[in-house]
Amino acid sequence: MTDPGREVANRMAEAALAWLDSLDADQRRMAVAPPPGAGAEDERTRWFYTPTDHGGLTFHQQRPAQHRLVMRLVASGLSEAGYTTVATVLGLENVLDRVEGFSVNWGRERTRDPGMYYLRIFGEPGGPRPWGWRFGGHHVSLNHLVVDGRVAATTPCFLGADPAASPLLGGATLRPLGAAEDLARELVRSLHPELAARAVLLARPPDDVVAGNSARIDDRVLTRRELWRRSRHTPDRADQPATGLYGADRQALALTPTPKGVPGAELDTAQRELLRALLGTYLGRVPDGVSPLPRYDDPAALDAVHLAWAGSTTAGEPHYYRLQGPRLLVEWTNVHRGADHAHAVWRDPETDFGGDVLAAHHATHHVP
């Protein structure tokens, strides 16, 4: 019998080794970090989705042939649709530059930069010890861990789109994350008024996803400064909450162990189908066999997923939603630039970065 988790891990290792073999000594020093659990966890679990230094080797520091090897590794950790979406998000940097009139200047050679995406390997791919890799830049953060030869973690997994919608020739529209917005809005608008009142937690949305880029999901208030690695660029309103929420508004959307909103158990059959499809727009980012999406074929698992919303339910207006349940947190915002700037993140509150699997491995193998 085949083991999909092992097959995906093998493809990752093959692609990672091919990339590493192409690097010179200086590139390797930037590209490789200690293995997971070997004193590098602060760096491995420090992740970003802003256009800041994500750690590792950028496209700018590589030859075109090496770019191709990077993308081969990225593809190994994604479904076909997930890879297409990530590749589109990278290209949106050029679209965003035009939207802003090619004028934004943060003191580096280019601000909206499709070459400013980073890859870093943690440990030795394919070896006996745990290893992992991270690919990230503006609106992309992919974090993968392999333990005992199998994919052990694929979260946090962040994608964004700015602009969220762009015109194409022939009157078509490019919306890389459009299904994640449309399905959620259809679901919340289908709710009976009593359920809708429980689902909508706040009349205004937060400025960003509530958990931000935290290493662990809790109720700590992140500032805008923390969304960026320390550098020459400091965001405006740096010490204000990333969500822009205070007091009762912050409490209304605070993440709590008991999920807020409406559980799947109270939805009708059509609404449950929408919820299952909405989960697929997040959990379907990674390959079949490592995605937890089939878990929600179990009615009890879908029962436990809660939908919560903030802001308007009218298309084209700022809004936020989240899906929360056992081993699941999905957050979405589309607030800025006239509700044309989307953030969409999938996390596992129990094992982001594979922390529990890694701990079990170290305990079994007596790793200090």
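This is a predicted model: local features need pLDDT of at least 70, side-chain atom pairs count only at pLDDT 80 or more; totals for chains, interfaces and linings use all residues.
Me: What reach would be expected of helix H4, at 1.5 Å a residue?
Reply: Helix H4 covers residues 64-76, which makes 13 residues. From its first C-alpha to its last, H4 reaches 19 Å. That is close to the expected value, which is 18 Å.

Me: Which strands are included in what covers the buried residues of H4?
Reply: The buried residues of H4 are Gln66, Val70, Met71, Leu73, Val74 and Ser76. Their cover includes the helices H1 (4-21), H2 (25-31) and H5 (80-99). The strands included are S3 (118-122), S4 (131-137) and S5 (140-147).

Me: Why is strand S12 largely enclosed by the rest of the structure?
Reply: S12 spans residues 306-311. A residue counts as buried under 20% relative accessible area. S12 is largely enclosed because the number of its six residues that are buried is six.

Me: In which sense do S10 and S12 pair, parallel or antiparallel?
Reply: Strand S10 consists of residues 200-202, and two bridges link S10 with S12. Leu202 stands opposite Ala310 in S12. The sense of the pairing is parallel.

Me: Which residue in S13 is the bridge partner of Leu307?
Reply: S12 runs antiparallel to strand S13, residues 319-325, and six bridges join the two. Within S13, the partner of Leu307 is Leu323.

Me: Which residue in S12 stands opposite Pro263?
Reply: Strand S11, residues 262-263, is joined to S12 by two bridges, and the two strands run antiparallel. Opposite Pro263 stands His306.

Me: Is Arg120 buried or exposed?
Reply: Arg120 is found in strand S3. Its relative accessibility is 14%, and the cut-off for burial is under 20%. Arg120 therefore counts as buried.

Me: Which side chain does a polar contact of 3.2 Å join to that of Arg120?
Reply: Leaving out residues up to four places away in sequence, Arg120 touches residues including Met30, Ala31, Gly55, Trp133 and Arg134. Another residue touched by Arg120 is the one in question. The side chain joined to Arg120 by the 3.2 Å polar contact is that of Glu43.

Me: What distance separates the C-alpha atoms of Val89 and Ala161?
Reply: Val89 lies in helix H5 and, at 2% relative accessibility, counts as buried. Beyond its neighbours within four places in sequence, Val89 is in contact with Tyr117, His138, His139, Val140 and Gly160. Val89 and Ala161 are 72 residues apart along the chain, and the separation of their C-alpha atoms is 6.1 Å.

Technical notes: Residues are numbered from 1 along each chain as its sequence is written. Side-chain values use heavy atoms; hydrogens and water are left out. Helices (H or I, at least four residues) and strands (E, at least two) are DSSP runs, numbered from the N terminus. The expected span of a helix is 1.5 Å times one less than its number of residues. Buried means under 20% relative accessible area, exposed over 50%, partly exposed in between (1.4 Å probe, protein chains only). Contact means heavy atoms within 4.5 Å. Two strands pair if DSSP finds at least two bridges between them. A polar contact is a pair of N or O atoms within 3.5 Å; within protein, one must be able to donate a hydrogen and the other to accept it, and residues adjacent in sequence count only if both atoms are side-chain atoms.
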